[in-house]
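Me: I'm new to reading protein structures. Could you walk me through a few features, one at a time?

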Amino acid sequence: MAKNMVELIADQEDLSTFAAMLQQYGYDQTLADMSSCTVFAPVNAAWEGIDLNDSVLVKGILGSMITDLKIRSNDATFNGKILAINGKAVGFDADEKTFEGIQIVTADLAAANGLLHKVEAVSKRKDNLWEALDKLTQYKQVRYLL
């Protein structure tokens, strides 16, 4: 029987940082509970320079790199924007084999509940308009909108 996504990620030596972050922030259970998913997992070297103790940053990154769709690396059906599990729209290009402009270095590793793609960099989470405005409360116009 095929391993689930969490087990598959745990078995990849070059994804040990990603696996640890999934476990630390509870995304391992999220992935285990998903019936279908695609994970764009940054290899260990991609985490250099990222503050792994910044929970807001890391949670944002993790949530932006998982989708509940099952997407093969060459599936042009999903070219453009796809929705990550944190509600953010992220870019996928099957022709270029990129996720958010980041090269997929190992594609289409199959788990019982989805597909795993290893990527060479971390995708930074972007604020939506409401979140961006919420950080600009020094302006009375923004406070009014909020």
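Reply: Happy to! Two strands count as paired if DSSP finds at least two bridges between them. Keep in mind that this is a predicted model.

Me: With that in hand, in which sense do S5 and strand S6 pair, and over how many bridges?

Reply: S5 pairs with S6 (residues 102-111) in the antiparallel sense, over two bridges. Phenylalanine 99 has isoleucine 102 of S6 as its bridge partner. The hairpin of S5 and S6 has two residues between the strands, and there glutamate 100 takes a positive phi near 55°.

Me: How many bridges join S6 to strand S7?

Reply: Five bridges join them, and S6 and S7 (residues 114-119) run antiparallel. In S7, lysine 118 stands opposite threonine 106. These two strands also form a hairpin, with two residues between them.

Me: Which residues is threonine 98 in contact with, leaving aside neighbours within four places in sequence?

Reply: Threonine 98 is in contact with Gly91, Phe92, Asp93, Gln103 and Ile104.

Me: And helices? Which residues of helix H4 are buried?

Reply: First, the general idea: an α-helix has 3.6 residues a turn, so residues three or four places apart point the same way. In H4 (residues 55-64), the buried residues are Val58, Gly60, Ile61, Leu62, Gly63 and Ser64. They pack against helices H2 and H3 and strands S2, S4 and S5.

Note on methods: Residues are numbered from 1 along each chain as its sequence is written. This is a predicted model: local features need pLDDT of at least 70, side-chain atom pairs count only at pLDDT 80 or more; totals for chains, interfaces and linings use all residues. Side-chain values use heavy atoms; hydrogens and water are left out. Buried means under 20% relative accessible area, exposed over 50%, partly exposed in between (1.4 Å probe, protein chains only). Helices (H or I, at least four residues) and strands (E, at least two) are DSSP runs, numbered from the N terminus. Contact means heavy atoms within 4.5 Å.
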